[in-house]
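Work through the exercises below with the model open. Try each task before reading its solution.

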Amino acid sequence: MQADTWQGQVPFGMSKSILVTGGAGFIGSHLVRRLVSQHPTWHIINLDALTYAGNLENCADFAQAPNYTFAKADITDAAALEAVFAQYNPTDIIHLAAESHVDRSIEAPMDFVLTNVVGTVNLLNAARKYWAGAFEGKRFYHVSTDEVFGSLHQPGTFFTETTAYDPQSPYSASKASSDHFVRAYGNTYKLPVILSNCSNNYGPNQFPEKLIPLMINNIRTGKPLPVYGEGINVRDWLYVEDHAIAIERIFLDGNLGETYLIGGLNEWKNIDLVHHLCQLMDRKLNLTEGQSAKLITFVKDRAGHDLRYAIDPAKLQRELGWQPTVTFEQGLEKTVDWYLANGPWLESVTSGAYRAYYDKQYQTA
Ligand code: NAD
Ligand code: TYD
């Protein structure tokens with residue numbers, strides 16, 4: 001959408017201007033696709049710095065939609081954020097931009113402080129300044145993770161909305177801090193905030209540094225499958241489109257000031273999940289049974305590795321009627337099919353070629 005004719009206003013014919021941060025990443029691109037297609041009167045502005053995790057190829061299928069605009073900006077840069085607010089005058093914010101990988105947070109924690117904490121506070125300040133107390137009908141929705149609650153050690157226990165925060169990695173500490181700032185702005189300045197904390201996501205377009213796409217890519221290219229420690233850590237997996245649907249539901253009907261936990265009641269021990277994926281890959285690639293599993297290699301454990309995450313999504317189910325739409329079997333098959341059909345996407349992100357996409361689409365246009 002051309003910006004010049006509606007500077008500082010909701011564009012003609014649009015009922016909302018929603019600033020989605022991190023929309024070129026994994027979950028953000030699925031969310032933006034859904035919002036752009038399901039809500040033609042919502043103008044969606046995708047603000048993203050295009051870090052290593054941001055890839056405009058994820059947005060290629062909706063890049064020309066009339067209710068979509070891309071804005072390259074870094075949330076650590078307060079002046080750049082203010083310029084985006086002044087230009088697009090968002091009525092709502094859905095904030096996903098973050099450094100998101102635990103292993104990177106162990107290597108470079110300050111990147112996580114800057115983007116996840118400072119970046120979030122910059123965004124809160126910009127919303128406070130530009131909305132200037134006129135909060136009626138506005139929403140600042142902060143997307144967070146179940147990792148802020150730390151590690152579950154008692155079998156049969158679950159994270160709920162009242163679980164105390166106990167982050168254990170630099171990533172989860174930075175997300176916990178951002179959650180606290182969002183709630184503090186809600187309390188202190190009455191900013192209309194709402195939050196959700198979701199379990200591990202999987203699906204198409206996830207950067208192949210995370211467990212499931214890494215394993216798929218390594219099986220595809222015959223590389224070892226690095227399982228940390230003994231593979232006994234447990235994660236609760238949700239298909240990414242079901243997370244996007246949950247965000248849409250909470251954005252539309254969630255109560256301001258509240259938090260919603262999102263999860264699919266789908267716990268897997270890492271080693272069991274990797275074996276399951278190996279069997280599926282054997283079938284998809286016409287390999288002899290057991291061939292992919294031969295690539296499994298146990299490697300040194302992650303420092304401070306959280307043992308188990310598991311979400312109780314009862315509040316979201318009861319109050320907003322949300323349920324996952326796909327089973328794990330269906331979601332995993334869709335995911336594997338997507339990666340096998342999109343070898344060029346994988347090659348582009350592993351080689352770094354995807355970085356030229358922005359220049360091709362936006363700089364030289
Ligand atoms: P991702 O790493 O795939 O994408 C992050 C996006 O944010 C990228 O497009 C990147 O370019 C952008 N970004 C990073 N730093 C930025 C900055 N300084 N300014 C502007 N943009 C920046 O992440 P994801 O997995 O899609 O996660 C999105 C959000 O959801 C994060 O807030 C994450 O904490 C949360 N979350 C993720 C999961 C999961 O399993 N992936 C689960 C629960 C919650
Ligand atoms: P990951 O996808 O990085 O998500 P998170 O750490 O946020 O849960 O990892 C999921 C689980 O898989 C986690 O317990 C770490 C483990 N893991 C491996 O065993 N090997 C790997 O190569 C990766 C990336 C993760």
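A cavity here is a set of grid points where a 1.4 Å probe fits but cannot get out. Its volume is the space filled by probe spheres set on those points. Keep in mind that this is a predicted model.

**Exercise 1. Enclosed space**

Find how many cavities of 30 Å³ or more the structure holds, then describe the lining of the largest cavity by class.

Solution. 
- Step 1. Searching the whole structure gives two cavities of 30 Å³ or more.
- Step 2. The largest cavity holds about 50 Å³ of space.
- Step 3. List its lining: Val-102, Glu-147, Ser-169, Arg-235, Arg-302, Ala-303, Gly-304, His-305, Asp-306 and Tyr-309.
- Step 4. Sort by class: three nonpolar, three polar and four charged residues.

**Exercise 2. A residue in strand S7**

Decide whether Asn-200 is buried or exposed, and list what it touches.

Solution. 
- Step 1. Apply the cut-off. Buried means under 20% relative accessible area. Asn-200 has 15% relative accessibility, so it counts as buried.
- Step 2. Set aside residues up to four places away in sequence. Asn-200 then touches Asp-146, Arg-235, Asp-236, Trp-237, Leu-238 and Tyr-309.
- Step 3. Link back to Exercise 1: the lining of the largest cavity includes Arg-235 and Tyr-309.

**Exercise 3. The nonpolar cores**

Which residues of the largest nonpolar core touch the most other members?

Solution. 
- Step 1. The largest core has 39 residues; Val-20, Ile-94, Tyr-141 and Ile-262 touch the most other members.
- Step 2. Helix H7 (residues 240-253) supplies the largest share, seven residues.
- Step 3. Take Tyr-141 and skip neighbours within four places in sequence. Its contacts include Ile-93, Ile-94, Ile-247, Ile-250, Phe-251 and Ile-262. His-95 and Ser-196 are also among them.

**Exercise 4. Two strands, two patterns**

Why is strand S2 described as largely enclosed, and which face of S8 is uncovered?

Solution. 
- Step 1. In a regular strand, side chains alternate between the two faces of the sheet.
- Step 2. Count for S2 (residues 42-48): seven of seven residues are buried, so the rest of the structure largely encloses it.
- Step 3. S1 (residues 16-21) runs parallel to S2, with six bridges. Leu-19 faces Ile-45 across the pairing.
- Step 4. Turn to S8. Leu-225 and Val-227 form its covered face, Pro-226 and Tyr-228 its uncovered one.
- Step 5. S8 pairs in parallel with S12 (residues 296-299) through four bridges. Val-227 stands opposite Phe-298.

**Exercise 5. Helix H6 and its cover**

Work out which residues of H6 are buried and what covers them.

Solution. 
- Step 1. Of the ten residues of H6 (residues 211-220), seven are buried, so the helix is largely enclosed.
- Step 2. Name them: Ile-212, Pro-213, Met-215, Ile-216, Asn-217, Asn-218 and Ile-219.
- Step 3. Their cover includes S7, S8, S9, H8, H10 and H11.
- Step 4. After H6 comes Gly-222, with a positive phi near 70 degrees.

Definitions and conventions. Residues are numbered from 1 along each chain as its sequence is written. Chains are lettered from A and ligands numbered from 1 in the order in which they are written. This is a predicted model: local features need pLDDT of at least 70, side-chain atom pairs count only at pLDDT 80 or more; totals for chains, interfaces and linings use all residues. Side-chain values use heavy atoms; hydrogens and water are left out. A nonpolar core is a set of buried Ala, Val, Leu, Ile, Met, Phe, Trp, Tyr and Cys residues joined through side-chain atoms within 4.5 Å. Buried means under 20% relative accessible area, exposed over 50%, partly exposed in between (1.4 Å probe, protein chains only). Contact means heavy atoms within 4.5 Å. On a 1 Å grid over the protein atoms alone, a cavity is a set of points where a 1.4 Å probe fits but cannot get out, and a pocket is an open set with protein on both sides within 12 Å along at least five of seven lines; lining residues have an atom within 4 Å of a point. Ala, Val, Leu, Ile, Met, Phe, Trp, Tyr, Cys and Pro count as nonpolar, Asp, Glu, Lys and Arg as charged, and the others, Gly among them, as polar. Two strands pair if DSSP finds at least two bridges between them.
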